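Hi,

Here is the structure I promised to pass on, with my notes below it. Have a look at the model first and then read on.

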Amino acid sequence: ANAFGLKCSILTGDASADLKTLDVPGSVVLATPENWDILSRRWKQRKAVRKVSLFIANNIHLVGAYGLGEKRKRSGAVFEVVVSRVRYMNA
């Protein structure tokens, strides 16, 4: 914890451990688009995912990436799906 009473955690890609991380109140969670994609695919069955109240997307320029390396194109596609899903979850 820090002066603001927040706990910082990083999602690892292990779904069961990551769901426990999301259950901690007042926490800041850092995740790659791929790790968040894994957890949020079944968001209707995962209360911890539905409880997320703020989603900040960094590197949004990767969405629709064209002319970049193959790895960045895949990351851009996953990023686009994740952002779209989060918007849908909160509609």
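Let me start with valine 28, which is found in strand β2. Helices here are DSSP runs of H or I with at least four residues, strands are E runs of at least two, and both are numbered from the N terminus. Valine 28 is partly exposed, at 32% relative accessibility. For that scale, buried means under 20% relative accessible area, exposed means over 50%, and partly exposed is in between (1.4 Å probe, protein chains only).

Before going further, the ground rules. This is a predicted model, so local features need pLDDT of at least 70 and side-chain atom pairs count only at pLDDT 80 or more, while totals for chains, interfaces and linings use all residues. Residues are numbered from 1 along each chain as its sequence is written, and side-chain values use heavy atoms, with hydrogens and water left out.

Back to valine 28: together with Phe4, Leu6, Ile10 and Leu30, Val28 makes a nonpolar surface patch of about 500 Å². Patches are built from residues with over 30% relative accessible area and no salt bridge, joining like charges within 9 Å and nonpolar side chains (Val, Leu, Ile, Met, Phe, Trp, Tyr) within 5 Å. The areas come from the Shrake-Rupley method with a 1.4 Å probe, and for residues only the protein chains shown count as cover.

Next, helix α1 (residues 15–22), where threonine 21 sits. Which residues of α1 are buried? They are Asp18, Thr21 and Leu22. These residues cover an arc of only 95° around the axis, so they are on the same side of α1; the arc is that of the directions from the helix axis to the C-beta atoms. As a reminder, an α-helix has 3.6 residues a turn, so residues three or four places apart point the same way. The buried residues of α1 pack against β1 (7–10), β2, α2 and α3. Threonine 21 itself has a relative accessible area of 16%. Apart from neighbours within four places in sequence, threonine 21 is in contact (heavy atoms within 4.5 Å) with Ser9, Leu11, Ser27 and Val29.

On to the charged pairs. How many salt bridges does a search of the whole structure find? Three, taking a salt bridge as a side-chain nitrogen of Lys or Arg within 4 Å of a carboxyl oxygen of Asp or Glu. Aspartate 37 pairs with arginine 41 at 2.9 Å, N to O. Aspartate 37 is buried at 7% relative accessible area, whereas arginine 41 is exposed at 57%. Aspartate 37 also forms a salt bridge with arginine 85, where the closest N and O atoms are 2.9 Å apart. That pair links distant parts of the chain, with aspartate 37 in helix α2 and arginine 85 in helix α4, 48 residues apart. Both of these residues, aspartate 37 and arginine 85, are buried.

Aspartate 23 is partly exposed at 45%, and lysine 51 is partly exposed at 46%.

Last, the aromatics. The whole-structure search gives two aromatic pairs. The rings of Phe, Tyr and Trp (its six-membered ring) pair if their centres lie within 6.5 Å; planes under 30 degrees apart are stacked, over 60 edge-to-face, and the rest tilted. Tryptophan 36 and phenylalanine 55 make a tilted pair, 6.3 Å centre to centre with 45° between the planes. Tryptophan 36 lies in helix α2 (residues 33–40) and phenylalanine 55 in the loop between α3 (47–50) and α4 (70–89), so the pair ties together parts 19 residues apart in sequence. Tryptophan 36 is buried at 7%, while phenylalanine 55 is partly exposed at 31%.

The other pair is tryptophan 43 with tyrosine 88, edge-to-face at 6.2 Å centre to centre and 75° between the planes. Tryptophan 43 is in the loop between α2 and α3 and tyrosine 88 in helix α4, so this pair ties together parts 45 residues apart in sequence. Tryptophan 43 is buried at 17%, but tyrosine 88 is exposed at 56%.

Cheers
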